[in-house]
Amino acid sequence: MSTKPAILFVCLGNICRSPLAEGALRAATIRAGIEVEIDSAGTGDWHVGNPPDPRAIATARDNGIDISGLRGRQVSPRNFTRFTHIFALDEDNLRNLYAMAPDDATAELALLLDVVPGFEGRAVADPYYGSDEGFAQTWRDVSAAADALVARFS
Ligand code: 4NP
């Protein structure tokens, strides 16, 4: 029996990169007509309850996707059994996820760009303190990952 994939994207604040990854995969799965559960969270708690950064909302909107309704939340221990896959946007967050994983964790943990051929081991760079071009680069990275995930789960 195969389980329906349930994918959690994790960055630091859950207001820039992981909401964009969530939006990109949601759109890609709808286009492909496949059913995947998708969520995002942060390892930090500074932005719990907040909408995505306005620059992330604008970047998604430029690509036809509305992420303005998302709200920041922090990763919880239960997430490690609730999701089949947890993808960290960079190594720091992956390390933090391994450190907080409970003993009964069942989710597969990986770096997001490991799913994109030729980009294994790379981080989706944090655009928070950067320019709008940083958000455009984030979008390219998470879109490539979303396409690879759709191919994997189709
Ligand atoms: P994210 O970006 O991890 O891609 O959501 C950040 C958002 C907020 C902060 C850092 C990164 N912060 O330090 O508040």
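Which helix is the place of Thr138? Select Thr138 and you land in helix α5, residues 132–153; helices here are DSSP runs of H or I with at least four residues, strands are E runs of at least two, and both are numbered from the N terminus.

Before moving on, some ground rules. This is a predicted model, where local features need pLDDT of at least 70, side-chain atom pairs count only at pLDDT 80 or more, and totals for chains, interfaces and linings use all residues. Residues are numbered from 1 along each chain as its sequence is written, and side-chain values use heavy atoms, with hydrogens and water left out.

Stay on Thr138. At 1% relative accessibility, Thr138 counts as buried (buried is under 20% relative accessible area, exposed over 50%, partly exposed in between, with a 1.4 Å probe and protein chains only). Leaving aside neighbours within four places in sequence, Thr138 is in contact (heavy atoms within 4.5 Å) with Arg17, Leu20, Val124, Ala125 and Pro127.

Now pick Arg17 from that set. Arg17 is buried, with a relative accessible area of 2%. Show its side chain with Asp90: the two form a salt bridge, the closest N and O atoms being 2.8 Å apart (the rule is a side-chain nitrogen of Lys or Arg within 4 Å of a carboxyl oxygen of Asp or Glu). Arg17 sits in helix α1 (residues 17–32) and Asp90 in the loop between β3 (85–88) and α4 (91–100), 73 residues apart. Asp90 is buried too.

Asp126 lies in the loop between β4 (108–111) and α5, so its pairing with Arg17 in helix α1 ties together parts 109 residues apart in sequence. At 38% relative accessibility, Asp126 counts as partly exposed. Arg17, Asp90 and Asp126 are linked in a network of salt bridges.

Next, select the ligand. Residues around it (a heavy atom within 4 Å) include Cys11, Asn14, Arg17, Asp126 and Tyr129. What lies 2.8 Å from an oxygen atom of the ligand? That is an N or O atom in the side chain of His47, a polar contact (a pair of N or O atoms within 3.5 Å). An N or O atom in the side chain of Asp126 is 3.3 Å from a ligand oxygen, and a polar backbone atom of Ile15 is 3.0 Å from one. The protein covers 92% of the 360 Å² of accessible area that the ligand has on its own (Shrake-Rupley method, 1.4 Å probe).

Technical notes
Polar contact = N/O pair within 3.5 Å; in protein donor to acceptor, adjacent residues only side chain to side chain.
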